[in-house]
Amino acid sequence: MILMITGTRTGIGRALAEHFLAAGHDVVGCSRRPAAIDHPRYRHHQLDITDISQTKKMFRSVRQEYGRLDALVNNAGVSSMNHFMTTPDEVSRRIFDVNFFAVLNCCREAVKMLQKSSEKSTAILNVSTVAVPWAIEGQLAYAASKSAVEQLVRIMSKELSAFGIRVNGIGLPPVHTVLTRTVPRPKIDNLIARQTISRQCTTADIVGPVEFLIGRQSEFITGETLFLGGVH
Ligand SMILES: NC(=O)c1ccc[n+]([C@@H]2O[C@H](COP(=O)([O-])OP(=O)(O)OC[C@H]3O[C@@H](n4cnc5c(N)ncnc54)[C@H](OP(=O)(O)O)[C@@H]3O)[C@@H](O)[C@H]2O)c1
């Protein structure tokens, strides 16, 4: 399988890329800073995914090298934890640019490559958060941008169904990464206590569900966002 995962320098994206490389797949990744993975089947693009011309260039190079894509995982994301009254306009806009508009642009570019896949059904997977169902205070712009992603999942799944492309989401509780390192421990612990499985989610908990949602075993699942850890 040839898959693209955005945001592979750190955290969840890096763990996913390493998992799929170890499983024998080809992985195309990206981040603003240089690659953290060195593997013969890994290609890294250093770019800001909010820059549409750089994004198009990345997909052009995928077309030239592989001629197709079998799956896209829109993982790159940013957050800012602040009361909305003290969140400047440019911070909220940047969050939407990375978490929503860049996802929309990557999907648009990826569809052309996914259509060239020989797989019976190809997949786009987007990453969401418990901040959406739990409407977490201090995460207004972040949660709103991911709500937009969950709506994208529902609508895009219908618009791409005729092309044999499935679109799903995976909703994550707190995971220890760069994104969450500044969140005070008591806040994280409160969220973990709300999960049905009340221990902290790790990247090892995420790879299996991601593999399922982009693979053949889920070929009759589309338009869903699957939450890990029991989030109700
Ligand atoms: N950690 C959690 O608790 C948690 C919970 C729920 C959902 N999530 C979601 O999971 C996803 C991954 O988060 P993470 O925790 O793994 O965060 P992370 O460690 O901060 O990783 C984010 C990755 O995205 C890249 N990135 C950020 N902005 C980018 C841009 N404009 N262009 C290209 N690459 C960019 C970063 O690399 P560069 O800095 O080099 O660009 C990095 O590789 C995000 O969508 C996040 O919202 C995380």
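Where is the place of Ala135? Ala135 sits in the loop between strand E5 (122-129) and H4. Welcome to a predicted model, in which local features need pLDDT of at least 70, side-chain atom pairs count only at pLDDT 80 or more, and totals for chains, interfaces and linings use all residues. Residues are numbered from 1 along each chain as its sequence is written, and side-chain values use heavy atoms, leaving out hydrogens and water.

- Ala135 is not a glycine, yet its phi is positive, about 40°.
- With 59% relative accessibility, Ala135 counts as exposed (buried means under 20% relative accessible area, exposed over 50%, partly exposed in between, with a 1.4 Å probe and protein chains only).

**The nonpolar core**
- In soluble globular proteins, nonpolar side chains tend to be buried together.
- Here the largest nonpolar core has 32 residues, and Met4, Phe59, Leu69 and Ile124 have the most contacts inside it (such a core is a set of buried Ala, Val, Leu, Ile, Met, Phe, Trp, Tyr and Cys residues joined through side-chain atoms within 4.5 Å).
- Among the elements giving two or more residues to this core are strand E1 (2-6), helix H3 (89-114) and helix H4 (140-160) (helices are DSSP runs of H or I with at least four residues, strands are runs of E with at least two, and both are numbered from the N terminus).
- H3 provides the largest share of this core, 10 residues.

**Salt bridges**
- The whole structure holds 10 salt bridges (a side-chain nitrogen of Lys or Arg within 4 Å of a carboxyl oxygen of Asp or Glu).
- One of them joins the side chains of Asp48 and Arg94, at 3.0 Å from N to O.
- Asp48 is in the loop between strand E3 (42-46) and H2, while Arg94 is in helix H3, so this pair ties together parts that are 46 residues apart in sequence.
- Asp48 is partly exposed at 21% relative accessibility, and Arg94 is partly exposed at 30%.
- Another salt bridge links Lys112 and Glu109, whose closest N and O atoms are 3.4 Å apart.
- Both Lys112 and Glu109 lie in helix H3, 3 residues apart, which is about one turn of the helix.
- Lys112 counts as partly exposed at 47% relative accessibility, whereas Glu109 counts as buried at 8%.
- Glu119 also forms a salt bridge, with Arg216, and their closest N and O atoms are 3.1 Å apart.
- Glu119 is partly exposed, with a relative accessible area of 23%, but Arg216 is exposed, at 62%.
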